[in-house]
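Please read the following walk-through alongside the coordinates. It goes from the arrangement of the chains to individual residues and side-chain pairs.

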2 protein chains.
Amino acid sequence: MTVGDPVPSPVSSAERTLAEFLQRLASAEPTPGGGSAAALAGALSAALVSMVCRLTLGREKFAAVEAEMQQTLQRAERLRERLTPAVDDDAQAYAAVVAAYKLPRGSAAEKQARSAAIQTALQEATRVPLSVAGDCAELLDLACFVAEEGNPNAASDGRVAALLAEAGLRGALHNVQINLPGLKDAAFADRVQTEVERLLAEAQRITAGVRP
Amino acid sequence: MTVGDPVPSPVSSAERTLAEFLQRLASAEPTPGGGSAAALAGALSAALVSMVCRLTLGREKFAAVEAEMQQTLQRAERLRERLTPAVDDDAQAYAAVVAAYKLPRGSAAEKQARSAAIQTALQEATRVPLSVAGDCAELLDLACFVAEEGNPNAASDGRVAALLAEAGLRGALHNVQINLPGLKDAAFADRVQTEVERLLAEAQRITAGVRP
């Protein structure tokens with residue numbers, strides 16, 4: 001968008017220290033930005049859901065939910081594995097859009113190639129946050145389950161997980177929506193818009209009962 | 001709360017990699033938990049606010065908001081400096097509560113000393129998330145400002161910052177509220193309750209206009 005080279009460094013965000021990641025987020029470089037932060041909010045939510053599961057499993061008091069809690073732990077661990085690399089996927093997808101806009105547009109053939117490259121990059125930059133939003137919607141459901149049925153000593157951890165999943169979901173959808181006006185494939189754009197509305201309705205439904 | 005030693009390691013969370021921090025959050029150790037994740041959500045929000053300021057400052061198009069944007073950047077940087085160590089402060093305050101509950105209670109004098117230690121620790125474990133919530137309320141305001149008045153190319157980053165500030169605020173308040181029933185100093189508990197209600201009303205007021 002502005003200064004310097006937007007291509008992300010080969011060091012993954014997961015390998016950076018928190019202080020370093022925060023510093024990069026705060027810099028004038030457009031990536032990592034809100035899309036990456038939304039994916040990280042999802043990963044933090046997934047980690048908290050796992051913690052509440054682990055503080056609940058294997059205790060006689062919670063034997064009635066043992067099986068569902070075990071499944072929840074497995075789903076949360078899988079979602080954390082998906083959302084952690086998505087922090088970088090979002091930055092890379094954005095960098096590809098920026099690179100496509102910089103392609104030459106001297107001849108008619110160049111213009112056509114550039115336009116096609118922009119559309120391919122925009123579709124990918126739409127798919128990444130849409131996938132993050134879907135994962136966060138699943139986490140929102142899991143977080144509400146552990147907050148209500150898990151170890152009550154960790155109920156506030158479950159509630160924070162729900163808040164982070166909701167922030168990740170809505171934040172990722174903002175990053176989907178900024179691409180919609182640029183998409184020329186109307187069928188693709190329609191499918192995306194339908195999915196955005198479905199996920200927002202889902203968030204609304206799930207969070208109705210968990211606000212403080 | 002359960003397994004092992006809850007005393008936090010001398011390595012600060014800011015010095016850990018993201019993957020390592022997520023792994024510790026997901027573990028059965030109760031710290032770091034929701035309180036730390038809420039503080040981190042605030043720090044992520046602060047970093048995004050700084051980014052939007054930096055993508056706005058020094059451009060003729062946004063000259064009208066240059067001074068306010070500069071002040072916003074300074075406030076966001078200060079809030080990030082406060083919220084990053086709060087990730088560990090929250091864990092330490094919780095560990096102190098756990099340690100106080102483990103004090104001996106054989107004699108009447110021991111019982112009295114233990115009760116006093118628990119109250120001191122609970123008050124600190126209340127003050128830390130209350131301070132995080134206050135910082136997040138300030139950030140929510142700054143995030144809404146940059147989302148509306150900052151570089152429109154970074155508006156979605158400002159909106160994600162607002163969502164993370166709100167999650168940090170509400171998440172920190174959950175961590176305040178779990179301590180309220182244990183507080184014996186009624187005047188302190190009343191002041192906390194009043195501040196919780198003020199911050200929730202503030203969040204409600206600010207976010208009314210920024211949801212997708």
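The model is predicted, and every value quoted here is computed from it. Begin with the relation between the two copies.

Next, consider a residue in a helix of chain B. B:Ser36 belongs to helix H2, which covers residues 34-54 of chain B. Is B:Ser36 buried or exposed? Its relative accessibility is 0%, and because buried means under 20%, B:Ser36 counts as buried. Leaving aside residues up to four places away in sequence, B:Ser36 touches B:Val87, B:Asp90 and B:Ala91.

A:Thr31 sits in the loop between helix H1 (18-26) and helix H2 (34-54) of chain A. With a relative accessible area of 12%, A:Thr31 is buried, because this value falls under the 20% limit. For a sense of distance within the chain, take A:Thr31 and A:Phe145: they are 114 residues apart along the chain, and their C-alpha atoms are separated by 34 Å.

The remaining paragraphs concern charged side chains. How many salt bridges does the structure hold over all chains? The count is 18. One of them, in chain A, pairs A:Glu138 with A:Arg78, and the closest N and O atoms of this pair are 3.4 Å apart. The two residues lie in distant parts of the chain, 60 residues apart: A:Glu138 is in helix H4 (residues 108-149) and A:Arg78 in helix H3 (residues 66-101) of chain A. A:Glu138 has a relative accessible area of 21% and is partly exposed. A:Arg78, at 39% relative accessibility, also counts as partly exposed.

In chain B, B:Glu138 forms a salt bridge with B:Arg75, where the closest N and O atoms are 3.0 Å apart. B:Glu138 lies in helix H4 (residues 108-149) of chain B and B:Arg75 in helix H3 (residues 66-101) of chain B, so this pair ties together parts that are 63 residues apart in sequence. B:Glu138 counts as partly exposed at 22% relative accessibility, and B:Arg75 is partly exposed with a relative accessible area of 34%.

A further salt bridge lies within one helix. The side chains of B:Arg127 and B:Glu124 meet at 3.3 Å, N to O. Where do B:Arg127 and B:Glu124 lie? Both are in helix H4 of chain B, three residues apart, about one turn of the helix. B:Arg127 counts as partly exposed at 40% relative accessibility, and B:Glu124 counts as partly exposed at 38%.

Terms used. Residues are numbered from 1 along each chain as its sequence is written. Chains are lettered from A and ligands numbered from 1 in the order in which they are written. This is a predicted model: local features need pLDDT of at least 70, side-chain atom pairs count only at pLDDT 80 or more; totals for chains, interfaces and linings use all residues. Side-chain values use heavy atoms; hydrogens and water are left out. Helices (H or I, at least four residues) and strands (E, at least two) are DSSP runs, numbered from the N terminus. Buried means under 20% relative accessible area, exposed over 50%, partly exposed in between (1.4 Å probe, protein chains only). Contact means heavy atoms within 4.5 Å. A salt bridge is a side-chain nitrogen of Lys or Arg within 4 Å of a carboxyl oxygen of Asp or Glu.
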